[in-house]
Amino acid sequence: MSNSVEGVEKYRAISPAEFFYKYREIAGFSNPVRALYQTVRELYENALDATDAHGILPDVKISIKRVDEIQEYYRVTVEDNGIGLPPDVVPNAFGKVLFSSKYVLKQTRGMYGLGVKMAVLYGQMTTGRPVEVITSKQGFKRIYYFKLRIDVNKNEPVILERGTWRKSRDWHGTIVSITLEGDWARAKPKIMEYLSRSVVVTPYANIIFLTPENEIIYYPRAISILPRPPVEVKPHPFGVDLEMMKQLKELSASDTVKDLLIKNFQSVGESTATEVLNRAGVDPSKPAGSLGEDELLRIVNAIKGFENLRPPSAKAISPLGREIIVTGLSRMFKPEFVEAVTRRPQVYHGHPFIVEAGVAYGGGTPQSEMDKPVILRYANKIPLLYDEGSDVTTFVIKEDINWANYSIAFPAPLVVLVHVCSTKIPFKGVGKESIADVPEIRREIRLALMEVLRRLKIYLVRKAREEEVKRRVVLLAKYIPEIARSLHTIVRGEDGIDQELLKQKLVEIVAKRAGLSLEEVARSVETVEIGT
Ligand SMILES: Nc1ncnc2c1ncn2[C@@H]1O[C@H](COP(=O)(O)OP(=O)(O)OP(=O)(O)O)[C@@H](O)[C@H]1O
């Protein structure tokens, strides 16, 4: 007789909403501290995506209000002047997990179609309160209002209230309010840090933040240029697989297979399509709908083996550019030296990406730790705060850069900024806190940092040289009064030569030799005289 216990397994399927409700930690909603921080982030990032990615200079208002005297319930409201949402889309956008307008090939902060729904779920789970949305698009005559919650089992929105009214002026944008249990006291430092880091890369935004203590934090717009908005592109053939080809076959069933390739992929024209199909042994004029699985697979393999394809288009990427990074860093740190570089587009696993790097040194720049600079990490314009130790940028800074080569010894008043932008960032988790160690990205980060650090080094070397000259002048200046006195005893009696004039002449000679102003040398002489 077997003594194994035959348990009764219970099987069932769960909806995406239930999955993320159960495992909310993986999206950053692990406790009231993280949940409050993450809610602000999700709403704020959606607000920025609705503005700068569409060529609108962002005006964003964030408010957090305590709404219960006993429980720590907070109402988080974020208002933007963005593109707004059509009313028929609002329920799914805020009430259906994995519903998004960002499942396309173009750089946005949002990627997963999850963020705001996690905040809604957390709110309804901890306070029972629904999300409220007010929105209107440019040119629409009406404003729309919704109050809704998520049916977790069905992954469907449940509309509790809706309304609409006429617009008196052409306001466009969205206001979202979510009430959730939070821990403001402990979340505050992270939220403040997040916002101040975010405005470094969005100096073109006007941001107002009203805290639960009714404190107003205002980051006024510091520059009126926007990064070039990203443009949606077709997938590059590098990323093709059998599943993708099957989907395209369904969508383009009535096209010829040659047209299917030309219409659905970038970098594929008449001759490339014909060549790929010849290599795959498939007739280019065959209707796509009649292709069998083995033919699709042959096409996939022929595309993958094709050597002469242009690399993926970088139009879908929206880097910040030197001017915006320099403005952001200057405003935040008032450094004595600031510089930034934007590298040329590169590709990893078929996805285009661009790395940007900036440095701020001296002045108001904070002092770093003993082994590395202060690191500001960004991905698609989102600041990354947590998990610094496991991020590719940290690996580069700690392992791939020889800091002594750049005349830097830690601790130093040095902030290093790294921005990775791509149509697909290889985040390590859906909470978007760190970037995986992909060799192509790591290499670009290293090269970007080396480029910007070389410029810092030129500045530091020049500054050290100037300081050395000054030091020598101070040394020389020490002898000027003495030399003037001695000379005066020799030339005493000569017409019009007094000790002051001799001193003056010596100051002029030293200033000329050292490339300093007369005032600087004279000041050194005075200091010596006063000191002696
Ligand atoms: N303020 C807003 N203005 C315009 N559209 C918005 C706004 N907030 C949300 N949306 C729409 O709702 C969709 C869902 O947002 P959600 O935060 O759930 O996911 P996402 O931003 O697409 O991706 P991620 O989960 O990575 O943040 C967005 O794709 C966008 O189309």
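The following questions and answers concern a predicted model.

Visitor: What kind of model is this, and what pLDDT do local features need?
Guide: Residues are numbered from 1 along each chain as its sequence is written, and side-chain values use heavy atoms, with hydrogens and water left out. The model is predicted; totals for chains, interfaces and linings use all residues, side-chain atom pairs count only at pLDDT 80 or more, and local features need pLDDT of at least 70.

Visitor: Which residues does the UniProt annotation "domain: Histidine kinase/HSP90-like ATPase" cover?
Guide: UniProt positions are given in the numbering used here, feature names are shortened, and annotations may be inferred rather than shown by experiment. The entry is unreviewed, and its annotation covers residues 31-152.

Visitor: How are α13 and α14 oriented to each other, parallel or oblique?
Guide: Helices (H or I, at least four residues) and strands (E, at least two) are DSSP runs, numbered from the N terminus. The axes of α13 (residues 480-491) and α14 (residues 499-514) come within 9 Å and cross at roughly 130 degrees, where axes are lines fitted to C-alpha atoms, for helices over the stretch in contact, and angles run from 0 to 180 degrees between N-to-C directions. Angles under 35 degrees count as roughly parallel, over 145 as roughly antiparallel, 65 to 115 as roughly perpendicular and the rest as oblique. The pair is therefore oblique.

Visitor: Which residues of α14 make the contact with α13?
Guide: Contact means heavy atoms within 4.5 Å. From α13 come Ile480, Pro481, Ile483, Ala484, Arg485, Leu487, His488 and Val491. From α14 come Gln499, Leu502, Lys503, Leu506, Val507 and Val510.

Visitor: Where does the cis peptide bond from Phe410 to Pro411 lie?
Guide: Most peptide bonds are trans. The bond from Phe410 to Pro411 is cis, with omega near 0 degrees. Pro411 lies in the loop between α11 (392-400) and β14 (414-422).

Visitor: Is Asn380 buried or exposed?
Guide: Asn380 is not a glycine but has a positive phi of about 45 degrees, and its place is the loop between β12 (374-379) and β13 (382-384). Buried means under 20% relative accessible area, exposed over 50%, partly exposed in between (1.4 Å probe, protein chains only). Asn380 has 3% relative accessibility, so the residue counts as buried.

Visitor: How does Asp387 count, buried or partly exposed?
Guide: Asp387, in the loop between β13 and α11, also has a positive phi, near 55 degrees. At 44% relative accessibility, Asp387 counts as partly exposed.
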